[in-house]
Amino acid sequence: MTRSRWGWRMIEAVGLTKRYGAKTAVYNLSFQVRPGTVTGFLGPNGAGKSTTMRMILGLDTPTEGKVTIGGLPFRQTPNAPRQVGALLDAKAVHGGRSARNHLLSLAQLSGIPARRVDEVLGVVGLQDVARKRSKGFSLGMGQRLGIAAALLGDPQVLLFDEPVNGLDPEGILWVRNLMKRLASEGRTVFVSSHLMSEMALTADHLIVIGRGQLLADMSVTDFISTNSADFARVRTPDGEPQSREKLSAALSGAGAQVLTEPDGALRVTGLPLPRISDLAHGSDVRLWELSPHRASLEEAYMRMTQGAVDYRSTVDQKAGLTQQPQPGFGAPRQQIPEVPQQGFYAPPPPGSYAGAPAAAQAAPTAAAPADPTKPEDPR
Amino acid sequence: MIELEGLSKRFGAKVAVDRLSFQVRPGVVTGFLGPNGAGKSTTMRMMLDLDNPTSGSVRIDGRHYRELAEPLKYIGALLDAKAMHGGRSAYNNLLCLAQANRIPASRVSEVLDIVGLTAVARKKSKGFSLGMGQRLGIASALLGDPEILMFDEPVNGLDPEGIHWIRNLMKQLAAEGRTIFVSSHLMSEMALTADHLIVIGQGRLLADTTMAAFIQENSRSYARVRSPQPERLRDLLHTAGFTPVEVAGGALEVDGASTERLGELAAEHGVVLHELSAQRASLEEAFMQMTAGSVEYHAHGTSDPGRSAPPGPRWGEGPPADTGPRWGAGGGSGTEGI
Amino acid sequence: MASLPAVLQSEWTKIRTVSSTIWTLAAAFLVTVAVSAALCALFRSTFDDLSPAQRLTFDPTLASFSGMTLGQLAMVVFGVLVVGTEYSSGMIRTSLAAVPQRGTFLFGKLAVATVLALAVGMATSFAAFFLGQALLGEHRTTIGAENVLRAVVGGGLYMGLIALFSMAVATMLRSSMLSLGILMPFFFLVSQILAAVPKAKTVARYFPDQAGARIMQVVPDALGGTKVPYGPWEGLGIMLIWVLVALAGGYAVLKRRDA
């Protein structure tokens, strides 16, 4: 083998496109997922995440372009289960079989010793229910079983679709640490999730898609600073409103954008902390707080997907809200909205599921079962 | 307001909920936390009179659930996103609920609009994704415009916009003076949503406190200061009786000091500060600390929050065993085994 | 307390908005009428091959209900699904949260479904009778003949009670699969087979379907059947007792068990 170990572990998509009839689910997607880091895969519902993951695993065939793992399409990878592990759908298990037998059947398919089955069951904490039929498993237990299956071949490349679904706090922390550890062992870890706050704690690198197209491919830190502004929280002594006014004026004079937070602190954008400190000193104002704040990943993500061309059909949504007789539902404005440009906004458009013309193009099907791989209870 | 008094539930020999007493008050979002199997779902089902308590009682605005003539007008609940008939359309699923509580049919369209399902209102709900099912469940909770709302894992299956939306919806409903009770496993999400927390473990009440107090009581909080005159600052802090610890990047971490006190101190002595921020542990850390510290959990000898891989939670009675660390070692041996 | 008209309206919405209602009831009607008609046509063409005793006791009314053995199974499915899907879908929790008075809830649900089943049962019974008689040619009877109207109305009642019995059983078992797994073989196989076994027969005739079906006979001991120790209305009464016992069991389960 001339390929380096590095190359073996890389997921690479080139011009990846998938059409279902007239609908384009994924369009001209090119990215690389590198080993040694946890790469997060983000995008709204119907953006094409699951389709992309299915194409990586050779479950769906690309209409155009290709996606390879270590240079080879998944289907040509020799002994693929030993190279690539995936958790796509926790419930993709024969319910009548015990957890252990399910894993055993998978292990036998790829020549993995039975000993390894008990090992991974221990890893995911299912050893006590290993001989129970998986039908009675909770979502969280099913999720653990799915993770066990992914780890079975001790693969170098791992894909997880919504791995923390149904897990409890310990389980969530465990999965997060597991993914980080797998990455630190030099493996390639590619994980999709809708939980921004969770992703911010787990991923180092992000690939964001919207309407089947690449929106961003960068580190989490870069993503946040590119898509939102850092700010400083500044608090002057309580009971001295005049110092706050004085400081606020000085900061605005220096070109900062100053907003007041509900507890009276100032949110200052556009000036570095030392400069704020100097200005406070210059106006003879004592500070009770001067803390740097970085916008949340969620905030950054919201801004980015907002900007994504006509993804969201916000207009009629707001109309719907204003018809609401309950006083509170009508777009209340917080003093400082979490995501400034939208405040309290309508739920994601039904279009992101179905129906609306904007998203119909992005969603694999216009009808409700938008994505067959979505974690979906059969009921 | 929801009041629980000595609520207990036994399944055979197993005590799922053990003498639980607390109140859920209006005007705030109350988070309901606990590990899997702690009895959260059973408690919520008993609140809705779906499960019969072995002993104790639940009162909704002072009355038993069964005494409510049209309960959806008092309390709306999202318990299980899939608790709808899949062969029926979203609209009809809500319509039959509305009719049972004499809620006008126009309200059905209204709530479908609120949750953004208008376009698929006539589609059978069995084709819905988890996220859409969740929205339908939220719509059913809002149906009677109730003063009390309960949500069990509301963000399940929602995408980022949906998560953001439901979070703001809950805050908004609380701001209107409604009682909002929400359970979740997502600590980071809960930290952004809830004002008050009720934590249970093994069916027992572990905490009933505000979010801020919970974090403060269950984790270390400290202040971080940074100065262009680090020597002077360190001396000053030592003189004032603090023991600052220098961390990477030249900042000092000071335990047991408020930023107010440090700000005054620096101003008094003319020390320039480039940062003065209060550092709080995350809700997750606090939660792990608490559940690890609670007696029940020690019995199983688990969960040191500081450890990189806390073991999985217990399924039923089974001890978790130190699976996490084993993987650390097992990664290599696994490879050898193959 | 929850208002009963509201609950009835809600249950009516539930029942009319699922497609299983249409296809089970349509199947009950079509299967009964079609199979009865086919058998009536067969009786007519083979009447002369029957033994003299059978010819003497030929019951044209009962002959026109001969498809009900098969058609009632669709009624069983209807009854089971009305209740069972509440459990299999998880809707029961949503429903009980809306109507926590479980007696009112059960009464409303069963009342609506039973009235519907009775209406379809009556239509089925009359249609099967008239079509069957038309096909029997010279062996036919008329609706005005003695006891015939009783038998035809009884056929409708029988269908309705079979549905109600199935609903009650499903309420007790809280599962469509389990209820169908017990009721279908029971009505289609066990009851029919036992009724043909000499000793078991004496027990089998007290089974709900065997006892209830007595109301559809105009000629006692038709086609060489054995004599039963109860009349048509007593037979229906026995069936009704079965139904009431099942209902009591179902109510007790719903009342006590966690949803």
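Start at A:Asp284, which takes a positive phi of about 60° just after α11(A). Helices (H or I, at least four residues) and strands (E, at least two) are DSSP runs, numbered from the N terminus. This is a predicted model: local features need pLDDT of at least 70, side-chain atom pairs count only at pLDDT 80 or more, and totals for chains, interfaces and linings use all residues. Residues are numbered from 1 along each chain as its sequence is written, while chains are lettered from A and ligands numbered from 1 in the order in which they are written.

Now select helix α11 (residues 273–282) of chain A. Its buried residues are A:Leu273, A:Ile276, A:Ser277, A:Leu279 and A:Ala280. Buried means 20 or more other C-beta atoms, placed from the backbone, within 10 Å of the residue's own. These residues lie on the same side of α11(A), because they cover an arc of only 165° around the axis; the arc is that of the directions from the helix axis to the C-beta atoms. Among the elements covering them are β12 (266–269) of chain A and β13 (275–279) of chain B.

Next, go to C:Thr32, in helix α2 (residues 19–46) of chain C. Is C:Thr32 buried or exposed? It is buried, because 30 other C-beta atoms lie within 10 Å. Select its contacts (C-beta atoms, placed from the backbone, within 7 Å). Leaving aside neighbours within four places in sequence, C:Thr32 is in contact with C:Gly67, C:Met68, C:Gly71, C:Thr124 and C:Ala128. Then find C:Met75: 43 residues from C:Thr32 in sequence, but 10 Å away in space, C-alpha to C-alpha.

Terms used
Buried ≥ 20, exposed ≤ 12 C-beta atoms within 10 Å, placed from the backbone. Contact = placed C-beta atoms within 7 Å.
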